[in-house]
Amino acid sequence: MQLQVARIGKPHGIRGEVTVQVLTDAPEDRFVPGTEFVVEPAASGPLTVSSARWNKDILLLGFEEVADRNRAETLRGAKLFIETEELEEDDDEGWYEHELVGLEARVGPQVVGKVTALNTMPVQDLLVVTTPAGEEVLIPFVEQIVPEVNPGEGFILLTPPDGLFELNSDEAAAPETEGRD
């Protein structure tokens, strides 16, 4: 199975470097020269890292197959993947998005939605749960709120604070009309 580790952004400079949105917890391990990525769309790849460097908080990658800015521009929006079989299985603490998407989200025995995405953020990750009504609710992916992840039985257990599922409802988004007669 393939795991997305980055999305290519805009070109940087004239030598074919690109900015990337990093989607992995270990960029120093994933973006080393010689690493080959599967690319989506497939016509853009595969790509082999020739250089990786940080410019402030932005990772810049150079690829052996990309010699100039014009070619780098054609890669904008492309997704970089690695094969998960290559990953070491020593990380029992984390979950990959493909392991979570599709799981039922439960509060006690009640199904409140399905996990549709995992947003990796700098401070903490957020689960995207889509309710039966089609609303998306962002759930902080922390042990206090998501105490159990059970992919074998197809669910996650939630203990959300009061109001978490109401934050995205239409009623909560409507402006207050109290006090008007």
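Strand S7 (residues 104-107) runs parallel to strand S12 (residues 155-157), the two being paired over 3 bridges, and within this pairing Ala-105 stands opposite Ile-156. Strands here are DSSP runs of E with at least two residues, numbered from the N terminus, and two strands count as paired if DSSP finds at least two bridges between them. The model is a predicted one, in which local features need pLDDT of at least 70 and side-chain atom pairs count only at pLDDT 80 or more, whereas totals for chains, interfaces and linings use all residues. Residues are numbered from 1 along each chain as its sequence is written, and side-chain values use heavy atoms, with hydrogens and water left out.

The pair S7 and S12 belongs to an open sheet of 6 strands with mixed pairing, in the order S10-S9-S8-S7-S12-S11. Strand S10 (136-140) and strand S11 (148-150) each have a single partner strand and stand at the edges, so one side of each is left without a neighbour in the sheet. Neighbouring strands of this sheet are turned by 35° against each other on average, direction ignored, where axes are lines fitted to C-alpha atoms and angles run from 0 to 180 degrees between N-to-C directions.

S1 and S2 are antiparallel over 5 bridges, with Val-20 in S2 as the bridge partner of Ile-8; they form a hairpin with 4 residues between them, and Gly-13 in the turn has a positive phi of about 80°. S2 (residues 17-22) pairs in turn with S5 (residues 58-63) over 3 bridges, again antiparallel, and Val-18 has Leu-61 as its bridge partner. S1 is also joined to S6 by 5 bridges in the antiparallel sense, Leu-3 being partnered by Ile-82.

The largest nonpolar core has 20 residues, and those with the most contacts inside it include Ile-8, Phe-37, Leu-61 and Leu-80. Such a core is a set of buried Ala, Val, Leu, Ile, Met, Phe, Trp, Tyr and Cys residues joined through side-chain atoms within 4.5 Å, buried meaning under 20% relative accessible area with a 1.4 Å probe, protein chains only. S1 gives the most to this core, with 4 residues. Leaving aside residues up to four places away in sequence, Leu-80 touches (heavy atoms within 4.5 Å) several residues, among them Leu-3, Ile-8, Phe-37, Leu-47, Leu-61 and Phe-63. Apart from this core lies another, of 17 residues, including Val-112, Val-137, Phe-141 and Leu-164.

Definitions and conventions. Buried < 20%, exposed > 50% of the residue type's maximum accessible area, 1.4 Å probe, protein only.
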